Each structure stands twice: as structure tokens, then as C-alpha cells.
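User: I would like a close look at one part of this model, namely the place where the two copies meet.

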2 protein chains.
Amino acid sequence: MSIDVYATAGAIEKDLRNHACVIVDVLRASSVITTAIEHGCKSVIPVAEVEDAAMMARQLGGERVLLCGERQGLLIPGFNLSNSPLEYTQEAVSGRVLVMSTTNGTRAILRTGSCKAMFMGSFLNAKAVAEAALSQSDSIAIVCAGTGGRYSLDDILCSGAIISRIIDMTGKQALCDLSRTALALYDSYSEDLFTSLQGSQHFERLRSLGFEEDIRYCLQEDVMQAVPVCVNGVIRKLDRGA
Amino acid sequence: MSIDVYATAGAIEKDLRNHACVIVDVLRASSVITTAIEHGCKSVIPVAEVEDAAMMARQLGGERVLLCGERQGLLIPGFNLSNSPLEYTQEAVSGRVLVMSTTNGTRAILRTGSCKAMFMGSFLNAKAVAEAALSQSDSIAIVCAGTGGRYSLDDILCSGAIISRIIDMTGKQALCDLSRTALALYDSYSEDLFTSLQGSQHFERLRSLGFEEDIRYCLQEDVMQAVPVCVNGVIRKLDRGA
């Protein structure tokens, strides 16, 4: 079996139709989606643009829809929830449909083409998403959102965490060079993820906006069992009985 | 000052006109060019295609021109030298003009747009090329050739070596996320570069072709002082008196 990592969705150069894909935007969209699904939201619908979100919400109608996401890290005017996972409590999201647009994460979901199965991965559900991916294919691709179309250390580190869980379960695997890098970084840094990310671009941007508590939240490992799975453009909780 | 690393020339998204650029294709083109320049070749002219090389040689005329490079790692039919640095002895190259075409390295040179100065970097001349880059600009960009348009661990590790030399000379610098990754990998792996690259894609491809001796040669650190500099499409030895 093989495990590939892509630094951005734009870097995908393979046909992934037989792959299980894990989308990672650890600060913060994939952590937000994991949290929302864990806390009982009915579904998350990723959309590229702010206008798409409003239109989708109108089409869905009703009070059960929440508009969620960020631009430049902040709440979008007129939206219900920002991109802070701390807002996605059970009280706020249980039973609701979330229409979500973020700068990097939801776009990575939309840019990753067809694949056998598409999951959202984060530190929060690293082990659970590793198990889900393994259950679907021998060929696993971890697609990082990156930051502004560039390699982002936080996403690579989270990819390393997911790869380490896969290897714990299956033994040594064929790793591409970026997978090897991600695993080596995670092995070096896993004792203190927060300190190891200091100075990295996206981490410092969020910290400067006052989101240190969000960052600490997103760096918790294996505290959730929910695996968000995207089918036909709609993200729901993976049904393990299926 | 800032130090950016690009995994491939295709990933460059900045205007580099004020940057000192270091092109790295450590296995093997930038190691070959460093060796050729150290051993007294007059110049190296990088060209994209095999046909370009033959045409350029005809235009230059005379016996002092050597056709050099590889396709799929091997000597190109009708060429004088392959992409093995062991062939680039003083006897073979002193005073000669080398017209060179390789799969990744020379193309990275040609794809990197205008910059303030463009040098070739390798483990062989890591310290010397770091000094040369620092002498030209406070903004340094290390452009990896990559392998087949993808991130290649050998080039990233060599970037880390060059960054470590810069930091030794100047102290802490602003590093992009990929620069941080390169430095972290180099710090982890510098005690045994050969072992640390085992399993990586380009390393294993070259080893399977029988080039283990070439690899060991290319992983020697700071054994050469020559800095190849590319001006108007021609690579010559940097004149430190200039």
C-alpha cells in the first residue's frame, strides 16, 4: 500500500479515483468540521465563495441552516459562526445543516477531484480518520489545504500524525518523499506541537489575530471519534456500521 | 532578511528580482556543475532539450565544447559526458565549454525567472554558496529542482544544509514554512545523510541504476569552494574579487 501527501490540492498530479483521500486544514477548517460532526450537526456543505453560501442557504431554506466560515480569519458579515472550533458546541450545531466557506480548507475539498472516499482529518480525529481511510483503500492520499496555495507546516505536521497512526496499525508502508518528511517532522515534534509550530506562517497569523486558544484546541490528538466523510458534495458523519 | 525554499521552480509565486537565488538539484546536476566549475571548466550552458544542446554545440563550434547531461539518468547517445560527477575530472573538463541538458536541474535553472543573482548550490559547496548568496541580497530563495515536478527529499535536505550555513554566519532569520522544514530535516539527518535518504524516491531510482558511488560523492559537505553563477544563461565560476 502507499501513502502520498500533497502540500496543496493544486499539487495533485495523480488520478485519485482509487484512493482514499484525507483533507487536512488543521488550522482550522478540518478541525472545525470534525468538531461540528462530533457534536451532532446533520451535515456540512462546503462552498467556495461567500455568495455561494448565501445562495445555498436560501435554497435549503428553514431555520436549521447555519452560515459558517471566515475570510482573513474572521467572521463573515451576516454569517452565524466564524471559523473558531470553540463556537461549534453541541448546543450550537446539533441537528443543524452548516453551509461553510473558508479561505483554504473548503476550497481544498472542492478542488480535490473524484476519489474512492473523501474524509476530513485533523489532530482531533487522527486515529479515527486513519482507520477510516485504511478501511477504504490500500492507496491513501492526504491532501493538505496549505495556506494561500503554499506549503503550510501545520497541515504537514498533522499529515505526519495520521501517517504515524496508519503505520502503527499496518507496519511499514511505501511513503512518497513528502510523506516521509511529514512523518519525520511529527516524530521530532509530537512531544510539543504548539512550541514546534511557533514561527510558522499560519500559526503566527492566527496568533496575531488572538486565536491562541483555537490553536491549542486544534492541536489536541485523538480526542474525537467522528470521521467526516464527503459524498456528492455533502459532509456527514461516517457510519461505521455501513 | 528572509530565506524561502521552493520545492520546484513551478512553485515560485513571488517576484524574485531582488533575490539571490540558489538552484539545487543535488542528485546530480548542481553537484555536477559545482564539480565542473571547481575543476576548471570555462563555462556551462544549460539547455532544455537534447536537440537544443546539439544546436548550441554547432553554433559554438570547435573542439572545446562537450555535450553533457542525461535522460532517465543515463548518457544521452552522441553526448560526451553523462550526469555522473565522477566523470567531470580536471582532465576531462578544464578549459572546456559544457553544453548541458538534464531532466530536472537544467530545466529548473531555465524556469527560474529573473533574479538579482543566480548560483548553483550543492552539499559540495554549501558554505561557499551560502556566503555568495548573502553577499548579494538580504532576500534569499533556494529553488529546488525536485524530481519530475514534485518535492524531492534530497534537494530539501541540501536546502537545509545551505540554510544552516547562512544561520551560522548571520544568526536567526525569517524562514518560510518549507525553509523551517528543510532546516529541521537537516538538523535531524546531518550525521548520516546517506542513510537518512534511503527509501526516498530519487535516491532509490539512482541506486537502482547503479549510481551509489555518485550519491556518496554528492553527499560530501563543504569540500569545494567554487560557486557557479549564472549570468545571461551562461554559468561561470564566481569571481570573489569582483
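What rotation superposes chain A on chain B, and with how much shift along its axis?

Analyst: This is a predicted model, in which local features need pLDDT of at least 70 and side-chain atom pairs count only at pLDDT 80 or more, whereas totals for chains, interfaces and linings use all residues. Residues are numbered from 1 along each chain as its sequence is written, and chains are lettered from A and ligands numbered from 1 in the order in which they are written.

Chain A is brought onto chain B by a rotation of 180 degrees with 0.0 Å of shift along the axis, the RMSD being 0.0 Å (a least-squares superposition on the C-alpha atoms of residues with pLDDT of at least 70 in both copies). The two copies are thus related as by a two-fold rotation axis. Within chain A, the residue that comes closest to this axis is L185(A), whose C-alpha lies at 3.7 Å. The same surface serves both copies, since 100% of the contact residues of chain A recur in chain B.

As for the contact itself, 18 residues of chain A touch 18 residues of chain B, where contact requires C-beta atoms, placed from the backbone, to lie within 7 Å. On the side of chain A, the elements that give two or more residues are α6 (153-170) and α7 (177-189), helices here being DSSP runs of H or I with at least four residues, numbered from the N terminus. The largest share, 7 residues, comes from α7(A).

Terms used. Contact = placed C-beta atoms within 7 Å.
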